[in-house]
Every structure is written in C-alpha cells, then in structure tokens.
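Please read the following report alongside the sequence and the three-dimensional model.

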Amino acid sequence: MTRRVGIDLEDRLFYADDVLLFLDSEEQLLRAIEIVEEWARDNGMHLNESKSGIVVFAHRRARKVPKMEKTGNQWRPTINNIGGIPLCEKYKYLGTWLDIKLTCTSQINNIKKKAAHIYVKLYPYLVCASADARRDMWQTMVAPLFNAAYVLLHYEPSETHRVSLERLQRGTFKKFLMVSKRTNSVLAHDMMRKDVRHIAQVTVETCRLQWKQRKAFQRIQARLPDLAVENGLKGIPNNWCELVNTMVRPCPYCKKAGVVTSRWHLWVKHRIRLPHMNYIWRREILPISLGVSQRLGPNDPRGERQVIRDTAKPIIQRHLADYYNAWSKLLASS
C-alpha cells in the first residue's frame, strides 16, 4: 500500500482491524479506498463503509474548508460521501475524537456525556459510600475517559481549551466525591492527586520514543512509567465530604446570594475563627492516610483502611462540631 499510494510509514496507523490513513489529496484518498477494498476482498473481509469516515483537517484559523461549510458554529459536509465513505465533521478513532481543526472540544463533550451517565447509574451506591470508595469509582470509571485526551492536550495550542479539560477533570471528581462544585480547586486537586498536564507530557514523550524504536525495527524498550500516586483519601469516611461542603453553605445571618460560610467570611464578618479546609486536609487528614503503616501494629487485626477510618473519623467529627456550633451562633444572632 505504501508504494502504490505514496503514503509514508508515519502516515498510517493500525490497531487490530482499525486503520487510520493521513492523505494529502482527494485523488490519493480515492486510490487508498480502492486499495483497501481490494485488499479486504483478497483476504475474505469487507470494508464497512457505515463505520468508516473521512475528516478534512484544516488550520485552526481557517475560514474555508474543502467539502465543508459553516453553519453557525458548526461545520457541515457539503457532500455525503467520497468513494462511498461518509464525510464527517468529526470521527472517533480508538477513543479519541478527531474534528476538523483538531480541538479538544469534541473530546470534552464526549467525556461530559459519559461521566454524567455513569454518575446517574452509580448514584445509589455513591450516596452511601465512603469518600475513599467514591474516589475509587471515579478513578475506575471516569479517569480512563481522559486517557484519549492526553495527546490532544499536549499539542493543544489554546490555553483556554487546556484549562477547560483540567476544569472538567476536577468537576467530575467533585461530582463523584459529592462535594460542591464551588469547592476550591487547590483542595480538589490535592484530593484527586492527578496532574493531567504532567501525565500528558510523559505519555507523549514515551510514545515518541516507542515510535522511533518501531521505525528503526528495534525492540520496544521505552515504557510508560508508573504515574500513580498514593491515594490520599484511602480509608477516609464520607463525613469528610460533609465537612468540605460546610465552607460553601449559605450564611444564615447575612442571607445574601453568593455569601457562604467560608473560613474567611466567618472570621471577617462574624469573628468566628475556624481552620482552613486546606490546612485540615494537609496537616491532619493526609498524614493519617499516607502514614498508616506507622500506626498499624504487627498484630493488629484491622486493615489499613479501618485503621485510617478509626483515626480520621473523630478528627473530622470534632471539626464538624466546631462548625455546627458556629452555625448555631449565627442562627441565634439572626
């Protein structure tokens, strides 16, 4: 195929029965379709046109795209197909959505849709689960949805789109943890413990090394390093989520839209001093979950998570009691 169509090795991607071809002209495209169909017939296979698609790539700032027209903010094909293959404004290949201008928008919308569907299905479980279990569900069911976006994020020239993807990751995490979406980003990032930009950079660098070794017909030695970090929410009960949500509750004294009982508001407006939630997390909760081996005795029948829960629960309850005492004072004064 390479010799007859004029496609370099880097212009073709194969995974099992999925083929991705990068072509420069419609003439080359038609010839490639012909050769693929011929090869499929010779090997007892059939090219499924309905599951195939053609996307015309254009510069990010291009106002005109061949075979496409813009209606509002959407690009639409002016013809139905080329050589029997449908012309699309976007196409999904191995979990990655490729649109005309190779933006992250299609990928972000796909993640939003899937994450919302998973959340609805798991809601009865999440309500009763611990903070640790909620984080595990997000890590298992939602975090893999971002894997396909790492390459797009690395090469994305728009900082706005990069920030949108990071915000979406934090947003889905907060949703599964059942804390308010107004929870500060620093705390959410500390609990999540996943740096999407670092993961994207390491992933792309590793894939680039693997591709060079593959082109040189060498044994693939480059391996993606273990980027997993220890779970900071391990064993933490769900009353931690209740404590996190206290800093975004409406103030019962001020009774103004947008005014919440954050640490800053309670001190500046009502002279009630409470520790910052980030301070509680870093100084009291995180050392418990990460240093469990020091408190787990050799003959202790309890597991790590049980030891963490027994240690962290009274600390969280004490901070909750302090907050609700402050809440009672505000209600009494109002």
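How many helices and strands are there in the protein chain? The protein chain has 13 helices and eight strands, where helices (H or I, at least four residues) and strands (E, at least two) are DSSP runs numbered from the N terminus. This is a predicted model, in which local features need pLDDT of at least 70 and side-chain atom pairs count only at pLDDT 80 or more, while totals for chains, interfaces and linings use all residues. Residues are numbered from 1 along each chain as its sequence is written, and side-chain values use heavy atoms, with hydrogens and water left out.

**Overall dimensions**

Along the principal axes, the C-alpha atoms fill a box of roughly 80 × 55 × 35 Å. The accessible surface of the protein chain comes to about 19,800 Å², of which 52% belongs to carbon and sulfur atoms, as computed by the Shrake-Rupley method with a 1.4 Å probe, only the protein chains shown counting as cover for residues. Of the 334 residues, 41% are buried, where buried means under 20% relative accessible area, exposed over 50%, and partly exposed in between (1.4 Å probe, protein chains only). Among contacts with a separation of 6 or more, 64% come from residues 24 or more positions apart, a contact being heavy atoms within 4.5 Å.

**Aromatic rings**

The structure holds seven aromatic pairs, counted when the rings of Phe, Tyr and Trp (its six-membered ring) have centres within 6.5 Å, with planes under 30 degrees apart called stacked, over 60 edge-to-face and the rest tilted. For tryptophan 240 and tryptophan 281, the ring centres are 5.6 Å apart and the planes stand at 35°, so this pair is tilted. Tryptophan 240 lies in helix H9 (residues 239–245) and tryptophan 281 in helix H11 (residues 277–290), so the pair ties together parts that are 41 residues apart in sequence. Tryptophan 240 is buried at a relative accessible area of 0%, and tryptophan 281 is buried at 0% as well. In the pair of tyrosine 323 and tyrosine 324, the centres lie 5.5 Å apart with planes at 75°, so the arrangement is edge-to-face. Tyrosine 323 is buried at 4%, whereas tyrosine 324 is partly exposed at 29%. Ring pairs also link Tyr119, Tyr123 and Phe176 into a cluster.

Two arginines are placed over the ring of tryptophan 267, as listed below; a charge sits over a ring if NZ of Lys or CZ of Arg is within 6 Å of the ring centre and within 35 degrees of the ring normal.

| Charged residue | Ring | Distance to ring centre |
|---|---|---|
| Arginine 271 | Tryptophan 267 | 4.7 Å |
| Arginine 273 | Tryptophan 267 | 4.0 Å |

Leucine 122 is placed in helix H3 (residues 105–128) and, leaving aside neighbours within four places in sequence, is in contact with Met137, Met141 and Phe176. Valine 120 is also found in helix H3 and counts as exposed at 58% relative accessibility. In helix H9, asparagine 239 is buried with a relative accessible area of 9%, and touches Lys313, Ile316, Gln317 and Leu320 when residues up to four places away in sequence are not counted.

**Hairpin and backbone**

Strand S3 (residues 68–71) and strand S4 (residues 74–77) pair in the antiparallel sense over four bridges, pairing being assigned if DSSP finds at least two bridges between two strands. Threonine 71 has glutamine 74 in S4 as its bridge partner, and in this hairpin, with two residues between the strands, glycine 72 takes a positive phi near 70°.

Most residues other than glycine have a negative phi. Lysine 67, although not a glycine, has a positive phi of about 70°; lysine 67 lies in the loop between helix H2 (26–42) and S3, and is partly exposed at 33%. Arginine 193, again not a glycine, has a positive phi of about 60°; arginine 193 is found in the loop between helix H7 (185–192) and helix H8 (196–215), and counts as partly exposed at 27% relative accessibility.
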